[in-house]
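Student: Could we go through this one together, starting with how some helices meet and then moving on to the chains?
Tutor: Gladly, let us have a look at it.
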Amino acid sequence: MAQAGKFADKALQLLRSYPRVALNNLKDMPGAYKKNFNKRRSAGKNKTHGRGHKGMGQRMTLPPLGYEGGQIPFHIRIPCEPYYKDHEFRRQYPPFSLLQVQRLIDMGLVDINEPIDLLTFCNTAHYDCSIEDNHYGVNLTEEGADTFQAQINIEVQHASEQVIAAIERNGGVITTRYYDPECVKAMSNVLKFLKTSTPIPKCKLPPQDAFEYYSNAKNRGYLADPEDIVQARIELAQKYGYELPQISDESKKELLLRKKDPRQIFYGLEPGWVISMKDQCILKPLAEEHKEYYAS
Amino acid sequence: MFCPKHIFCRVNSQNLKNLFTFNAARKLTTTGILKAEDKTDVAGELETTSDPHLYVPDRPPLPIITSRQLEYPSEHLPSKQAWLDTMATLEDEKLGIVDLHPKIFGTYPRLDILHNNVDWQRKYRFIDYSFARSRAEMPGGGKKPHPQKKTGRARQGSIRSPIYFRGGKALGPRGPKSYFYMLPKVKRVHGLCCALSAKYAQNKLIIVDSLEIPKADQQFLEDLIDVRFWGFSVLFVDDSDIMPRNFSLAVNQIPHFNAMPVYGLNVYSMLKHETLVLTLAAVEKIESKLLQILYSAQKEDVKFEYNE
């Protein structure tokens, strides 16, 4: 983007002695446009244009790439190892480090007196989450774990043991939580979602292969037994050698205990409600079958 | 009414905002809706003297302003400085010095970015109407011109074949065709910064306190620009589209001097005109708008599409 500084000043100093920058003396970078050319006619110079005399080379009828003269080719001879099989359907969790979280807090873009979740990250515009790329939320990574100092109530989609220890060492609370693509879409651009005036979606339960992760107390899963989580917190503190700080402040305690319902995606708003931006009001479902559908 | 003694107060970096409030108040009095008698008596505007060339403004001793508080100053770069001129007098009188933001007025002059902007401004509104009829769209040509065989001539099927004189055009232009596309916002903002920096570096950027001139006189404006060597073409930019009356009447008669509000500022016009004249209020607005876009993390949401 716009660069100013030592080199810019030097260039501007040179510009002083040059003719006026005007419409007649502008040009694009050399090589900005790639020119396609016909290989047979215009490439090269001499009479054969570098293609030699006669045969498949000159006539562009060479065998296809990978053909080994009749021998079974490499790509058929060697068995397939499908590392990337079904990659287009796999869940992706774009990483976000503890250092970046700390930076957002220091810059005042994230308020630590409110619970932090995917919505908070997306609203800062410093984190990208798009369902087109199969993004399912944030993977909180360890970078900056040693210097992390905020006491927060955070909800992420994936976190390692070290990250959980870093948060809990400072007296914070971390939860791992699954959101289905519809919810991720609503949270990634919340203004766009609210303008559509559609009911807030009911969050689905995690798929079969993710259910174990989110019901494990070691991962602080949102479907785990709360008593197991208390035990896991103590165990992790012993493993990493820190003491879980006692929280005396009532308001802080209230913040740290705030938790969403497994079906809920926005704090304070329940699934099924319609937010009308135009009329500045909330419409709640009245029909019994709707209530039944959106019930947790 | 033009009455400079009410305008100019002793200004330093702290009470700079007072200057703008004065300017705003003054503008209201001079540029409100014109009454019927105002229209008939243009010369009646002038209170002091009939000859604007000899006009002497009443103001405190110079310099009036020596620095300007930047809204978001750069931590590492010193601010750029420029003279503050006035258009109240014929001769060039420096009212003081103002600071300019280095990220806006000291950008690396990327000529390719300027080229991209100018190219886009030329293309996005251009519609190519050129059109040529194909052999199917031309009249006639249904009958075989001459028999297939035994005439000794080449075989032909239609007199509208592309190889015929007055035949149809093969693969000709099929207008109207739109060349609309949208340059990315980043490049548009970068282009504006580059153009302002290039103007500043080449001494073609003038900053004035306001566009007030003593009389609605075309000759006075031409003389003023001659005396100060501002060149053949000048672009005046003010913060809003309601400009001082005297100035508007004078500049309206001269085709190569143009006035523009900040919201119309663009790379093409800046490079087309030899000199760019900004009012202090315009500088303030340009800086705040460009810095806001430069430093916001918010992505461009609107997408422009053209479907043929």
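Student: Which residues in H6(A) meet which ones in H10(A)?
Tutor: Keeping in mind that this is a predicted model, A:Ile164, A:Ala165 and A:Glu168 are the residues of H6(A) that meet H10(A), where their partners are A:Arg233, A:Leu236, A:Ala237 and A:Tyr240.
Student: At what angle do the two helices pack?
Tutor: Helix H6 of chain A, residues 161-169, and helix H10 of chain A, residues 226-240, pack at about 95°, and their axes are 10 Å apart. Because angles of 65 to 115 degrees count as roughly perpendicular, H6(A) is roughly perpendicular to H10(A).
Student: New topic: how many residues does each chain give to the contact between A and B?
Tutor: Chain B gives 28 residues to that contact, and chain A gives 24 residues.
Student: Which elements of chain B give two or more residues there?
Tutor: On the side of chain B that touches chain A, these are helix H4 (102-105), helix H5 (111-123), helix H6 (185-201) and helix H9 (267-272) of chain B. By class, that side of chain B holds 14 nonpolar, 8 polar and 6 charged residues.
Student: What about chain B as a whole, how many helices and strands are there?
Tutor: Chain B has 10 helices and 8 strands, and 33% of its 308 residues count as buried. Of the contacts in chain B between residues at least 6 apart in sequence, 78% join residues at least 24 apart.

Methods
Residues numbered from 1 in each chain as written. Chains lettered and ligands numbered in written order. Predicted model: local features only at pLDDT ≥ 70, side-chain atom pairs only at ≥ 80, totals over all residues. Contact = placed C-beta atoms within 7 Å. Helix = DSSP H or I, 4+ residues; strand = E, 2+ residues; numbered from the N terminus. Nonpolar A, V, L, I, M, F, W, Y, C, P; charged D, E, K, R; others polar. Buried ≥ 20, exposed ≤ 12 C-beta atoms within 10 Å, placed from the backbone. Axes fitted to C-alpha atoms, helices over the stretch in contact; angles between N-to-C directions. Parallel < 35°, antiparallel > 145°, perpendicular 65-115°, else oblique.
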